[in-house]
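Here is a short briefing to read alongside the model. Take a look at the sequence and structure first, and then we can walk through a few spots together.

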Amino acid sequence: MTSSFPEKSEISEIQDISVEPLVKSGGLDDNYELYKATKDTELDPLEAKKVLRKVDQRILSLLMVTYVLQYLDKNCVNLASVYGLKKDLHLKGQDYSWLTSIFYIGYLVFQLPFGFLLQHFPTGRLLSSTIIAWGAVLITTPACKSLAGIATNRFFLGALESATNPGNVLLMSMWYTTQEQPLRLEAYYSTIGIATMFSGLIGYAVGHINSGLSKWMYIFLIFGSITIAWGLVCLFLLPDSPSTTPFLTPHERTVAITRVASNRQGIKNHKFRPYQALQIVKDPKTWILFIMAVSAQVPTAAVTSFASINIESFGFGTLQSQYMLIPGGAVQLFGMLLGGWIATRWKEMRCVVMFVANTVCVIGAGLLVGLPASNKWGRLVALWLCYTQNLGFSMSLTMISSNVAGYTKKQLTAAVVFIGFCVGNVAGPQTFITSEAPGYRTAYISMLVAYSIKLLMVFALYAHMWMFNRKRDREQAETPLDEKAAIELGMYDVTEIDNKGFRYSL
């Protein structure tokens, strides 16, 4: 039997009758045919574990290295800032702050276009191509001779990097079960810590170059070359879909799809559904996550593009400001791995992890505001505490990968959240007012306010999802929907709001 895909008004009817393939080609999940072939077969736990190991070795390792490079590349200006970039490009006043902001303006402008491309084009090849392209932009940075030149360069760097985070969050949801995602996503994001430590070592090494080009130029040349080479590697190794990947056998592909189908979200659907776009506007968690993203990113400049400048302002030397980045990176790395492990080991702990991480940030920002300028070690430790902010933000991204169903809705929600991410990152550097150096009081007060707002939003998100789950439980008691039917609805590209068998992961 064939018919057009049932829109929202018809979904309730599907849930009341047997869930059969009512969707013609183009309406079903892109991986539905493989799913259908084995949907009534019991999944062997040993086979599932074997496939999970192979997915970790291929997908997770590629994404982790990619994020190390993305983080290093966008923050090259932080290392370059203490090695003559400002002087050579005649940057004055807020010019340097705008170099950070313009990156995120490019990121923001291209967020929705890349969301469209990620839904309609092969995911792995698209992401790999953007890696090569931004590496090419980065390696040309030393050719910039003015603020206008490097601002243009940074805009296009941000535009090309804007596909990576949303794309990788979508990849996580395509390859991992809901319960597996927190640890994997935190492992992915924890590479920020590795990147921070590595950048400190590279910055320290570049500081000892005393011939040839200006020191800051070597930073862009080194990282740009590495990124282009890595993009070529990803072009051959990063798969587009579980149903087409060559690194799994045909049988293992069916296992991979069956595993992820249990999320009740489907895997990928290339068809755009307008009613899902409307639903994200009406869904409270979209805007809670948006506010969380903005408030999480306003303080980010303090631990990224202004990190070396901050540490110097505390009273440490130029070379010290480079290796003093390493402990902050360690806080990120181990904090995120610990948080991801806790949220994976025990269910319903994601919001708790976000609450604890953000509370630590509030304490750190409070110390930066309250400690006297003479207490340089106390202020440095306070800055290191703020590096836990990435644990809270990355855990909030599992709310997209685990708690949003319907592929149009998922990719648009990711786009909205990363627009908030951009807004915060555009605003954050502007709080570092040159005339306030070295105290930067406005910046530290802004950090404290932003962290406090995010803490309130964590409470709001938890309350909203908890009440949603309780309501669903009452409905389930009155009109039962079995698990297989709920999974099938996920493969029909039905959203979490319309699939009565869906529950939020708290």
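## Inside the model

The largest cavity has a volume of about 110 Å³. This is a predicted model, where local features need pLDDT of at least 70, side-chain atom pairs count only at pLDDT 80 or more, and totals for chains, interfaces and linings use all residues. Residues are numbered from 1 along each chain as its sequence is written, and side-chain values use heavy atoms, with hydrogens and water left out.

**Cavities**
- The structure holds 5 cavities of 30 Å³ or more; a cavity is a set of points on a 1 Å grid over the protein atoms alone where a 1.4 Å probe fits but cannot get out.
- A volume is the space filled by probe spheres set on the points, which are joined across faces, edges and corners.
- The largest cavity is lined by 14 residues, and Tyr 71, Asn 75, Asn 78, Thr 196 and Ser 199 are the closest to its centre; lining residues have an atom within 4 Å of a point.
- Two or more lining residues come from each of α3 (45–74), α4 (76–80) and α11 (181–206); helices are DSSP runs (H or I, at least four residues), numbered from the N terminus.

**Ser 241**
- Ser 241 sits in the loop between α12 (215–237) and α13 (250–261).
- Ser 241 has a relative accessible area of 11%, so it counts as buried (under 20%, 1.4 Å probe, protein chains only).
- Beyond its neighbours within four places in sequence, Ser 241 is in contact (heavy atoms within 4.5 Å) with Asn 31, Met 174 and Trp 175.

**Helix α24**
- Helix α24 (residues 483–491) is largely enclosed by the rest of the structure, because 7 of its 9 residues are buried.
- Among the buried residues of α24 are Ile 487, Glu 488 and Leu 489.

Methods
On a 1 Å grid over the protein atoms alone, a cavity is a set of points where a 1.4 Å probe fits but cannot get out, and a pocket is an open set with protein on both sides within 12 Å along at least five of seven lines; lining residues have an atom within 4 Å of a point. Buried means under 20% relative accessible area, exposed over 50%, partly exposed in between (1.4 Å probe, protein chains only).
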